[in-house]
Amino acid sequence: MSSPAPFVAPPARLPVDGRSRSRSLPLVLPVTVPTWVHVITDGRLGAPDFAVRDQLATLNAAYSGQFGGADTGIRFRLEGVTRTVNPAWFRDPVTHERAIKRMRRGGPETLNLYLAQLSELVLGYSTYPYGYRKEPALDGVVVDWRSLPGGAMRSFDRGFTGVHEIGHWLGLLHTFEKGCEAAGDGVADTAPEGKPTEGCPLVKDTCEGGGPDPIHNFMDYSDDRCMSGFTSGQALRMQEMWVAYREPGRTLPLTGDSTEGA
């Protein structure tokens, strides 16, 4: 890809077809995600407080459908912000991931968002909800601070990298998962997509008979200016994943799980 990749995913475990469980939950349940933001700096560069606040506002706007698409019922409540000066962590959070994530707060229901500086090829990465039971210490989302609203990352400066990565944290796959194969991302109302979107094309159709590609979906790789929403099916998938893996004290059995690569 000519543009940075928003996400590098670990192997995923996800129900293949969300339609089979579409009657197990109402379409929208109110979910409030307690959120800790961990700002890592080199002493000079790093996310300012106002950018953190703007990122939380963007998350709440995106997940409530204010940019377009479905209201997912999911909202984010800022519990606190930590600040750490460590140049090595700041410049290479992937190598120092275990050390960085010792700052983690809360249980599976708590989003820990780490802001540092990634390479030119990766804007952010996330764990999946089903990974928490095996390695709870690594649970969370890492995002390049320059992708926050008003940041210096050209074409990715509206905070939608955080929206995208947190979609993974809540159980979504990319819209181009498995290309044009029938299973796709496991969500019935996202059109199949043969390859990630670059930039913001007027139209793109990579799978014959599947309809136009979902280039405006937050789970594609489009530029921020091109992204606008989630689908109702994606909202339901996140709701199911929340109950199954993140909501304290509740589990929802998901039959037919299979291991997928993402």
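Visitor: How many aromatic pairs does a search of the whole structure find?
Guide: This is a predicted model, where local features need pLDDT of at least 70, side-chain atom pairs count only at pLDDT 80 or more, and totals for chains, interfaces and linings use all residues. Residues are numbered from 1 along each chain as its sequence is written, and side-chain values use heavy atoms, leaving out hydrogens and water. Rings of Phe, Tyr and Trp (its six-membered ring) pair if their centres lie within 6.5 Å; planes under 30 degrees apart are stacked, over 60 edge-to-face, the rest tilted. The search gives nine.

Visitor: Is the pair of Tyr63 and Phe76 stacked or edge-to-face?
Guide: Both residues are buried (under 20% relative accessible area; exposed is over 50%, partly exposed in between; 1.4 Å probe, protein chains only). The ring centres of Tyr63 and Phe76 lie 5.1 Å apart. Their planes stand at 75°, so the pair is edge-to-face.

Visitor: What are the planes of Phe90 and Trp145 to each other, stacked or tilted?
Guide: Phe90 and Trp145 are both buried. Their ring centres are 6.4 Å apart. The planes meet at 45°, so the pair is tilted.

Visitor: Which ring does the charged end of Arg246 sit over?
Guide: A charge sits over a ring if NZ of Lys or CZ of Arg is within 6 Å of the ring centre and within 35 degrees of the ring normal. The charged end of Arg246 is 3.7 Å from the centre of its ring. That ring belongs to Trp169.
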